[in-house]
Amino acid sequence: MKQLKTLLVDDEYSAIEGLAIRLEAFSQIEIVGYARNVTEALALISKTEPDLIFLDIEMPGQSGFELIKQLQPETCPAIIFVTAFHQYAVQAFEVRALDYLLKPVKKERLAEAIARVAVNLDTGSSKQHMLEVADILETGDAVGLADTAPAYRIEQEKLVIQDGHHPAQLIPYREILWIDAAGDYMCVHTSTETFVMRARMKSLINDVLPDGFLRIHKSTIVNLQYVVKLEPLMNSEYNLVLSNQKSLKVSRTYSRQLKLSLSGDKTG
């Protein structure tokens with residue numbers, strides 16, 4: 001297997017040391033340098049020409065995103081972000097990072113990320129990714145990477161699911177039929193799959209989901225575009241049927257707002 005010349009970039013020495021220790025388990029990784037900031041990283045990239053960079057995001061002076069802005073797309077290494085902050089996942093995938101790992105990095109996720117890099121380098125996909133990044137930077141379409149960046153687009157169109165153990169998943173809102181609670185987790189149902197994410201229902205409905213999603217029970221949210229039938233039960237409760245024939249209970253608390261929404265009256 002080809003040796004991957006690897007650079008670690010993080011302003012915290014303990015983070016670099018911990019990651020380096022974990023990488024000792026992977027014979028294909030050859031660490032060629034460590035950098036504590038963007039300036040040091042650029043100098044080492046020029047000197048060592050790494051195949052892969054494990055890159056922190058929040059660093060003094062310039063961020064990991066700023067480092068990417070200064071790299072030539074034709075020769076840019078594969079990028080794996082390593083950060084303690086989950087909120088940068090969307091930006092990371094907008095600039096075509098091959099993976100996004102949350103600290104502390106687990107060995108299983110590290111193995112997945114390295115395997116993904118090996119496949120991309122073998123197929124040449126990594127270089128194509130970086131050419132696409134150059135286009136994004138030129139047009140100012142990536143959040144946080146250009147002064148002319150427009151409003152967030154991906155989170156307006158897709159639900160971002162990132163648990164730190166698996167690659168981030170971006171689920172188009174239009175494909176979500178309903179969401180229900182399972183303890184501290186939410187089960188997001190499409191017509192073909194169910195995705196699990198850690199979130200609060202109140203936060204989802206108030207801060208994340210777009211118009212068209214409505215809470216019908218203390219543990220259930222539905223996408224109104226898939227509602228095909230509303231069957232009355234006792235005590236002002238209803239049975240709601242979706243286009244896939246899934247039946248969901250509408251509690252008395254939420255039944256009035258549901259009927260108003262389905263009739264097109266959102267004023268309540």
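Two strands count as paired if DSSP finds at least two bridges between them, and helices (H or I, at least four residues) and strands (E, at least two) are DSSP runs numbered from the N terminus. With that in hand, welcome to this predicted model, where local features need pLDDT of at least 70, side-chain atom pairs count only at pLDDT 80 or more, and totals for chains, interfaces and linings use all residues. Residues are numbered from 1 along each chain as its sequence is written, and side-chain values use heavy atoms, leaving out hydrogens and water.

**The antiparallel strands**

- Strand β8 (residues 178–182) is joined to strand β12 (residues 220–223) by three bridges, and the two run antiparallel.
- Ile179 has Ile221 as its bridge partner in β12.
- β8 also pairs in the antiparallel sense with strand β9 (residues 185–189), over five bridges, and here Trp178 stands opposite His189.
- Two residues lie between the strands of the β8 and β9 hairpin, where Gly183 takes a positive phi near 70°.

**The parallel sheet and its helices**

- Five strands make an open sheet with parallel pairing, in the order β2-β1-β3-β4-β5.
- Its edge strands, each pairing on one side only, are β2 (29–35) and β5 (99–102).
- From one strand to the next, the twist averages 20°.
- Strand β1 (residues 4–9) runs parallel to β2 and is joined to it by six bridges; Leu4 has Ile29 as its bridge partner in β2.
- Helix α1 (residues 13–23) lies across β1, β2, β3 (52–55) and β4, running at about 175° to β2.
- Helix α2 (residues 38–48) lies across β1, β2 and β3, at about 140° to β2.
- For these angles, axes are lines fitted to C-alpha atoms (for helices, over the stretch in contact), and values run from 0 to 180 degrees between N-to-C directions; contact means heavy atoms within 4.5 Å.

**Aromatic pairs**

- The structure holds two aromatic pairs (ring centres of Phe, Tyr or Trp, with its six-membered ring, within 6.5 Å; planes under 30 degrees apart are stacked, over 60 edge-to-face, the rest tilted).
- Phe65 and Phe81 form a tilted pair, 5.2 Å centre to centre with 55° between the planes.
- Phe65 lies in helix α3 (residues 64–69) and Phe81 in strand β4 (residues 78–83), so this pair ties together parts that are 16 residues apart in sequence.
- Both Phe65 and Phe81 are buried (under 20% relative accessible area, with exposed over 50% and partly exposed in between; 1.4 Å probe, protein chains only).
- Tyr173 and Phe213 form an edge-to-face pair, 6.2 Å centre to centre with 70° between the planes.
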